[in-house]
Amino acid sequence: MKAFARVLCQFLFILLSFSISVAQVVEPSKPTSNNVVDTTLIVNDTTKNHLREVQGQDTVVMTDPDGLETVVTIVANDSSWNQVNKNILHLYRGAKVKYQTFELAADYIRLDRNTNQLFASGVIDHNGEYVGRPVVIFPGETPKTVDSLLYDYKTQEGNTYGIMTEEDGAYIQASVLRKNLYDELSLKSGMYSTCNLPYPHTHFGIRFTKGFLAKNHIIVGPAYLEVENIPIKFIGVPFGFFPKNNKKASGLLFPSFGEDATRGFAVRDMGWYLTFNDYWDSEIRASLYSKGSWEASVRTNYVVNYKYSGGFNIRYASTKSGVEGTSNYGTNKDFNVTWNHTQRQEANPGTSFSASVNFGTGSYFRNTGFNQNNSMQDIVRNNMSSSIAYGKVFADGKVNFTTNLSHRQDMASGRVDLELPSFSLNVSTFNPFDSKKRVGEQKWYQRITVGYSLQGRNTITAGDSVLFKKETLNNFTNGFQHSIPVSLSLNAFKYFQFNTSVNYTERWYLQSIRKGLENRLNGFEEVRDTVQGFRRAYDYSVSSGLSTKIYGMYPKMGKVEAIRHVVTPSVNLNYRPDFSAARYGFYREYTNMDGLIQKYSVFENGIYGGPGAGKSMGIGFSVDNNIEAKVRNSKDTTGKEAFKKIPIIQGLTFSGNYNFMADSLKLSTINFSGRTSLFNQKINLNFNGTFDPYTINENGVRVDRFAIKDGTLARLTNFGLSFDYSLNPSANKSRSDNLDSLRNRMPNMTSEQAEALSRISTDPNAFVDFNIPWNLNGAFSMNYSKVWDNTDRVMRNQITATVNVNGDFNVTPKWKVQFNTGYDLRQKALSLTRFSIYRDLHCWDMSVGWTPFGQYQSYNITIRAKASILQDLKLTKRESHYRY
């Protein structure tokens, strides 16, 4: 508004000078009988007006009030008319006047130099519609549309009629706006709304009678709420005073209200917003329940442009459970901490730092249920994980160092795995015998490559209830591992690829173990002691192999022009010595409870394990198959795509190993896996499994007898199958395109935007697209395994299978229904099922969420403004039937 006043003054001064210069070159017109500009001058067709000159564009160089030269551009798409006898300039149809970065556009502009007044308005078209309203564009501001404006550039005062302007996503309308000499604005009959239409059709607006805008404050007269154009005057205030700051300010966060079947009536998410500077802010929120439960949270976001951004959220909940006065009544105390940090790549080339932390008590989401911060994915999650990573590249990218602090928590069992820290140092492979001045192809020995990597870990595993106790923290396990691979790859016998490698691995530990028997009061008992001190363990292995490709073509069959089968067999010979021999000192012996001498590794349960026992020399083998068909495309009429390729089987692989040095069971299990696509690649199918070539005895133990001797080639011990299908692939494509568009439009995303984008990327139902009329996705997964039943002493078939379905459909162009459900075929029960209904209210959104059955049975109704600044202005009704 203030920019309007300042720029308009300068603009009018230049426009006045420019119009005088134009008057000197335009032929004078006939005088009229009075000095009042008749409204008939604002006509649709000006070509019949006497002595009116059709004009395209003109420019003039003038001097502004500050004494600087400036260019004024004037455009009238229809015509311009200079009434020299009245000293009035008229511009018609698409009239535009541009002064520096200020622009005024309207279908009619009139400059009266006698009264020192500028008038701009629209015109009535042949349909009786008022079109061509004045649009004012100020530097650095959004365009402002008005019905008309009248300005006295001598007194620097004027009125603007029917103004509408956008302020941070909301819209302010006023029937009359007047500016005085001190850049103060007065408004009459105004409305504050979220709708950008001249006549808001669906809105929650605040209607005020009068308003006054000064430099540091805003004063409004009587104001009341208006819903759907219905005034609700009993919800109003006689006047209001609002301090006006040009920077962010702290303030109250208005709560929402509701009821929970277990915790009672609720006041949710009331709090206070704190802003410290342009780089970080915080919000403190709390929720209170009438039956004694409460929640609190502190959320902080920070950003440094072009360097890094992030935020953290600390949440704590005290939840009453059970029935008061009974033995099961108590209080659950839970917490959850999240932290996200992202560093811009260009901020520090060669160095990276990132954090994604999510830890807390395993029962936090279960006890707090659905709320403003918890999603359906939070409720059903089985684990939480965290990672804080740092990386740096040295020696022109040849050396890469990374370190990581991580945690993984199983929410069902309460088990927590911590790594504090782990690190890795990797050196890119190089050719030690090659020469930088080499001319021609490499000799065979110059193809030898060497690499190096160093890894270190410090870990602990414990229950979440005892994790930070002193006795638990003494149980950290740590170690280092060095790996040096040496390899050589050559072409052999024209059609084969020869590969040979030597792998050396060395581990460093600060502890080792000793086992033995100890004479106790009740007899001998096996004991295990941990011995402190540095120990090293090393091993090495050698492997050489050949691989090739075999191509097969099958003849033409109908529309199938050809079927190509590519077989990639490979075989390798591998050797590893027996590192349990006494000369290495990696293994010891002790007498167990049965009086038998048993060998054990002193690095048992070491973080990187220990050298293996027993000599190994065997043959490893694998066969990979790819089959695809070349089919004539009957839909092609151009000849450019006469054929199309259809994959039949992709990556069908069988692999195993035969150990010559083993005492028994020399052949390993045969693993297989593969994938394919069906129905024009609409279904992606994956499968894997294991064959056991040996049979089992009456105790369910594998014995050294091939199953083929019993009439079976091999025993299928495990098989997994999964596939997914979309009935409307264009919906997924549209969703991906929208996500890409969002990422491109928000290069410097806030943490909330990044979090929302991440949720949309992983959850199809988090994205509401009214342009897609319907979508249906299905997924199926199945796993089969053979398990020994000790009770009946037979092998049992164990099968698990689940079906998941999600999708959405438009009831009308403004109503959409989403759903997500599933069925466990083994448990014969539905999984967590949720329906969501969305209504587009133009400038508002309405959503209804319903979980019809199960542990988290609930519903909620939310009405929320679309404008980003008004996201806290929402009406929510929520009822939950969750039982603790």
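## Terms and basis

A residue is called buried when its relative accessible area is under 20%, exposed when that area is over 50%, and partly exposed in between, using a 1.4 Å probe and protein chains only. K494, for example, counts as exposed because its relative accessibility is 72%.

This is a predicted model, in which local features need pLDDT of at least 70 and side-chain atom pairs count only at pLDDT 80 or more, while totals for chains, interfaces and linings use all residues. Residues are numbered from 1 along each chain as its sequence is written, and side-chain values use heavy atoms, with hydrogens and water left out.

## The chain as a whole

The chain has 6 helices and 53 strands; these are DSSP runs numbered from the N terminus, with helices being H or I over at least four residues and strands being E over at least two. Of the 884 residues in the chain, 37% are buried. The accessible surface comes to about 50400 Å², and carbon and sulfur atoms account for 56% of it; such areas come from the Shrake-Rupley method with a 1.4 Å probe, and for residues only the protein chains shown count as cover.

Contact is taken to mean heavy atoms within 4.5 Å. Among the contacts in the chain with a separation of 6 or more, 51% are between residues 24 or more positions apart.

## Nonpolar cores

A nonpolar core is a set of buried Ala, Val, Leu, Ile, Met, Phe, Trp, Tyr and Cys residues joined through side-chain atoms within 4.5 Å. The largest one has 23 residues, and those with the most contacts inside it are L91, L104, I109, L118, A120, L149 and L187. Two or more residues of this core come from each of strand 4 (88-99), strand 5 (102-112), strand 6 (117-121), strand 13 (170-179), strand 14 (185-193) and strand 15 (204-213). Another core, of 13 residues, lies apart from it and includes Y509, Y584, F586 and Y587.

## Aromatic rings

Rings of Phe, Tyr and Trp (for Trp, the six-membered ring) pair if their centres lie within 6.5 Å, and planes under 30 degrees apart count as stacked, over 60 as edge-to-face and the rest as tilted. By this rule there are 27 aromatic pairs. One of them is the stacked pair of F276 and W280, with 4.0 Å from centre to centre and 20° between the planes. F276 is partly exposed, since its relative accessible area is 44%, and W280 is partly exposed at 36%.

One aromatic cluster is formed by Y504, Y509, Y538, Y540, F579, Y584, F586 and F603.

## A nonpolar surface patch

Patches are made of residues with over 30% relative accessible area and no salt bridge, where like charges are joined within 9 Å and nonpolar side chains (Val, Leu, Ile, Met, Phe, Trp, Tyr) within 5 Å. V502, V542, V571, L573, Y575, M617, I619, F621, F660 and M661 form a nonpolar patch of this kind on the surface, with about 750 Å² of accessible area together. Strand 36 (560-576) and strand 39 (616-632) each supply at least two of its residues. Y575 has its place in strand 36 and counts as partly exposed because its relative accessibility is 33%.

## Salt bridges

A salt bridge is a side-chain nitrogen of Lys or Arg within 4 Å of a carboxyl oxygen of Asp or Glu, and the whole structure holds 17 of them. In one, the side chains of E628 and R564 meet at 3.4 Å, N to O. This pair links distant parts of the chain, with E628 in strand 39 and R564 in strand 36, 64 residues apart. E628 is partly exposed at 25% relative accessibility, and R564 is partly exposed at 37%.

E283 and R285 form another salt bridge, their closest N and O atoms being 3.0 Å apart, and R285 counts as buried because its relative accessibility is 9%. R796 pairs with D789 at 3.1 Å between the closest N and O atoms. Salt bridges with shared partners also join K515, R528 and E604 into one network.

## Backbone details

Most residues other than glycine have a negative phi, and most peptide bonds are trans. N87, in the loop between strand 3 (79-83) and strand 4, has a positive phi near 60°. K494, in the loop between strand 32 (477-492) and strand 33 (496-520), has a positive phi near 70°. L420 and P421 are joined by a cis peptide bond with omega about -10°, and P421 is found in strand 30 (residues 415-430).
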